[in-house]
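Welcome! Have a look at the sequence and the structure below, and then let's walk through a few places together.

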Amino acid sequence: MDTLFRLVSLQSSDQSFNSSRTSSSSRSNLNTPFQECFNLFMDEEDFSSSSSKQLSPYAPPHSPPQQDVSLEFSTAVSGQNATWASEILYETAKALVEGNNTRLHQLIWMLNEMSSPYGDVDQKLGWYFLQALFCRMTDSGATTYENLISTSNKISSFESTRKLVLKFQEVSPWTTFGHVASNGAIMEALAGEAKLHIIDISSTFCTQWPTLLEAIATRYDETPHLRLTNVIASKSGEKVMKEVSNRMEKFARLMGVPFKFEVVHHEGDLSELNLYELGIVEDEALAINCIGALHTVPTIGNRRDSIISTFRRLNPRIVTIVEEECDMGIGYEGPQFLRGFQECLKLYRVYFEALDESFPKTSTERLTLERGAGRSIVDLVARPPENSVERRETAARWSRRMHGGGFVPVAFNEEVCDDVRSLLRRYKEGWSMSRDSTGIFLSWKGHAAVWASAWKPS
């Protein structure tokens, strides 16, 4: 899985992958107790795990509100409730939706006192969801998210990305699960073909493909020609992909696989990408690989159905889809927002718990991944659906979309499932695989986290 990043020896670097200074988000004027705000974008020294001081995302008044809610959440305050963050955060979101400013003020004050980006899982959930709720209260979600993304892009480099990706794959199957499953399905679907073309719509920086190149080099009597078109939908990928491109080509030569690699940078909605301009050739067997990409298409209108219909018109041999398993069709108001907020809490609790048990306590990589999750939470909680790029859907919902777009599922064979099980044995206990008619699931301690599937035209 990490062959690509390990192919060329790199000089060691002691630089940490910490965020640099970003600009402060704008705030709207509210006739509420929240006009004393937080500085969401902290200096590097303030947001470093070694910093001696800790800034809270919300600066409350100098004294707690008169009507104390600590009695209502006494088990949380006393430390007896190990999952207190979900309960208090939900009540905070509910108070916000209902316009109960007095209760909202009390809960915000409590969360501010109890949360920390360096504490346990619940303290971190409290911290990141609190900043997202504050962005929603001040209508600063769009500005905050854009600034967070901009800062992340500015500090992104091949070396920092390499360290992060390798470490994450070393300690967790969160991404490698989908790689193994998708590669197995692609190999089976394209077996015996002389010319292969894979359109890779993902943000995994090609870490999936060295394993596939090795398999192609060893399993075929006559090595086929492989053309790989990688679609990158973020600015941060441009600098990294220059180095990745060189390494992919070197590795293909090393494996003896005739290979052509192309990178397509597409900013904005993936549903607006013209796939017909990606050089589709009739004598090439086509596979489309989507790893964590389809959820970035906004849910409004029929955009997700539209891109699936485009896939169908290309007549691929196989389409592989990997997405996090969660129903985040979050409405922006009322009960729909609260339902989506709960689902968001569930997914990120699983994610943060898995990170907490997989990484050392002082891991810089873990902090980076948690900050990335924090950006996603801001998008989900504080940005309207037409702008959101983080709204996941369940396997059942994606399956209905694929069926409606003219596809039928392809079951993973036993060899692929055995490969996935073998992969999971490399990691700490708690990971498991299950399957149903839609595909296979990666679960953490019984909670489905990632879904992998394969589809062919009906």
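## Around C326

In this predicted model, C326 sits in the loop that runs between strand 5 (318–324) and helix 12. C326 counts as buried because its relative accessibility is 4%, and the cut-off for buried is under 20%.

Which residues does C326 touch, once those up to four places away in sequence are set aside? They are E343, L347, R392, E393 and T394.

## Helix 12 meets helix 13

Helix 12 (residues 334–358) packs with helix 13 (residues 364–382) at an angle of about 175°, and their axes are 11 Å apart. Angles over 145 degrees count as roughly antiparallel, so helix 12 is roughly antiparallel to helix 13.

On the helix 12 side, the contact is made by F337, F341, C344, Y348, Y351, F352, L355 and D356. Helix 13 contributes R366, L369, E370, A373, S376, I377, L380 and V381. Sorted by class, this contact has 12 nonpolar, one polar and three charged residues.

## Around T438

Now for another loop: T438 lies between strand 7 (431–436) and strand 8 (439–444). Is T438 buried or exposed? T438 is buried, with a relative accessible area of 14%.

The side chain of T438 makes polar contacts with the side chain of D436 (2.6 Å) and with that of W451 (3.2 Å). Apart from neighbours within four places in sequence, T438 is in contact with A395, S399, W451, A452, S453 and W455.

Methods. Residues are numbered from 1 along each chain as its sequence is written. This is a predicted model: local features need pLDDT of at least 70, side-chain atom pairs count only at pLDDT 80 or more; totals for chains, interfaces and linings use all residues. Side-chain values use heavy atoms; hydrogens and water are left out. Helices (H or I, at least four residues) and strands (E, at least two) are DSSP runs, numbered from the N terminus. Buried means under 20% relative accessible area, exposed over 50%, partly exposed in between (1.4 Å probe, protein chains only). A polar contact is a pair of N or O atoms within 3.5 Å; within protein, one must be able to donate a hydrogen and the other to accept it, and residues adjacent in sequence count only if both atoms are side-chain atoms. Contact means heavy atoms within 4.5 Å. Axes are lines fitted to C-alpha atoms, for helices over the stretch in contact, and angles run from 0 to 180 degrees between N-to-C directions. Angles under 35 degrees count as roughly parallel, over 145 as roughly antiparallel, 65 to 115 as roughly perpendicular and the rest as oblique. Ala, Val, Leu, Ile, Met, Phe, Trp, Tyr, Cys and Pro count as nonpolar, Asp, Glu, Lys and Arg as charged, and the others, Gly among them, as polar.
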